[in-house]
Amino acid sequence: MKQLVLCLLAMSASSPLLAQDNPRPSQQAQAPGFIEGSSLDLNLRHYYSNQHTQRDTYLTIKKPDGNQRTRVRETWVQTGMLKYSSGYTQGLIGIGVDAGLFSAVNLERGHGRVANGGDRVLVDSDGDALPTWSRLGIGDVRLRLSNTELKAGRLMTDNPVLRYKDNRALPSSFQGVGVYSNETDWLSLQAGSFDRAIPRTGTGSERLTTTFGNRAYSGERISYLGATVKSGLGLEGSLYASRFENMWDQYYLGLTHRAGDKSRLALKTTFNYYHTRDQGQQRLGYIDNDAFSLALTGSHQAHSLTLAWQQVFGDEYFDYVWESTGNYMANSLYSDYNGPNEKSWQLRYDLDLAAYGVPGLSASLWHAKGWGIDGTQYDGDRNGRNRGYNVRGLDGAKHNENGLMLAYVVQSGRLKDAVLRTIVYNHRASGGQIDGSYDEFRLVGNFPFNLF
């Protein structure tokens, strides 16, 4: 990790405040003031989901005499996300604040319809859905020098190792400190250290655990440093190093190349690679895996076609922090296709109907398949270490999914920029694959309003 950090620091020596090549005008020099630059925004989200299990997959309903199996789960929630952002004070170093109050009203409260506890809505100890819940989703103090910001508090982080999760009625966020630097057009830097997660269906914060490992074990904090470089030749690269204390060290490399023009033919090539290795007290046991994906996208006018390949080398899951989507891999869909030694491919078609006279309307259709999931050689609990991953029963497990998404962005009027999105998918698993077999219909509407 030290070598990668030194490499990133060497790159930064030609950027943030020392950058001379193509420097950006200082945003802080143009700061209008704390009050003058303030804004208040409200996003109203309507979230509905109807899910049915198939094959040997079941959900559970908590009953006084034990858990009861069910095949149906229905989620129906109305939320409001009210966010205030101040401007920056004037001067060499600007000061600002953000505050975001997230609130939810649970419209479907049937004990049997909620199912599986607090996975999608907040429930009490008896498994009954709470009528409402609220929390401070965002709350931070900001400092800015030139085009470099430091934020401390509750943030919605967005990078390849720690990215907020927004696939439910409310998004997650993380508690800690982040630095964001964009001093030149060709180089941006991020660094951060976070020690708590604010979950999607919760009112407070919780310790940092993992998505696919034994969640009885947690790490103190996750810290990272990363850089993204853009060339003038259609090539963009990102390099990140992170440490999840006493759990793992993880490194990320991402490369994207764009060529051509959609009016004739545009080609996009995307490569993503992660390496994960146990660290410190090894609370999840020994970890040593590599994961990569390669995606090729061809676009012509309104049409895009993507073919992606993804593979995991290692006897445990390619993993990331719980309540995060720190996974830029091409086949991160309903399933992540991240099982031990798993191979997967995806075929995807995207259509922009603006070319057919309906601006704002788009459609996506995909099929993905994963196979060869094998955890029989897992030995992460050797030498008395914790058993971090329950994978030894996976021998030739496989799965596949089909999905269709339609989205419409309102183009004008009072509801301009409102987004309506519907997703229909099915997923079929065998051999103990972790995501199970489901059919689901989901409808999500986001209605943003700028109050001032």
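Tyr-425 touches Gln-51, Tyr-334, Asn-402, Gly-403, Tyr-438, Asp-439, Glu-440 and Arg-442, leaving aside residues up to four places away in sequence; contact means heavy atoms within 4.5 Å. The model is predicted, with local features requiring pLDDT of at least 70 and side-chain atom pairs counted only at pLDDT 80 or more, while totals for chains, interfaces and linings use all residues. Residues are numbered from 1 along each chain as its sequence is written, and side-chain values use heavy atoms, with hydrogens and water left out.

Tyr-425 belongs to strand S19 (residues 419-430); strands are DSSP runs (E, at least two residues), numbered from the N terminus. With a relative accessibility of 7%, Tyr-425 is buried, a term that means under 20% relative accessible area (1.4 Å probe, protein chains only). Between Tyr-425 and Gly-403 the C-alpha to C-alpha distance is 4.1 Å, although they stand 22 residues apart in sequence.

Ser-146 is located in the loop between strand S6 (132-145) and strand S7 (148-155). Ser-146 is also buried, at a relative accessible area of 17%.

The table gives side-chain polar contacts. A polar contact is a pair of N or O atoms within 3.5 Å; within protein, one must be able to donate a hydrogen and the other to accept it, and residues adjacent in sequence count only if both atoms are side-chain atoms.

| Residue | Partner | Distance |
|---|---|---|
| Tyr-425 | Gln-51 | 3.5 Å |
| Tyr-425 | Glu-440 | 2.4 Å |
| Ser-146 | Glu-183 | 2.9 Å |

Strand S8 (residues 173-181) and strand S9 (residues 187-198) run antiparallel and are joined by 9 bridges; strands pair if DSSP finds at least two bridges between them. A hairpin of 5 residues connects S8 to S9.

Conventions:
Helix = DSSP H or I, 4+ residues; strand = E, 2+ residues; numbered from the N terminus. Buried < 20%, exposed > 50% of the residue type's maximum accessible area, 1.4 Å probe, protein only.
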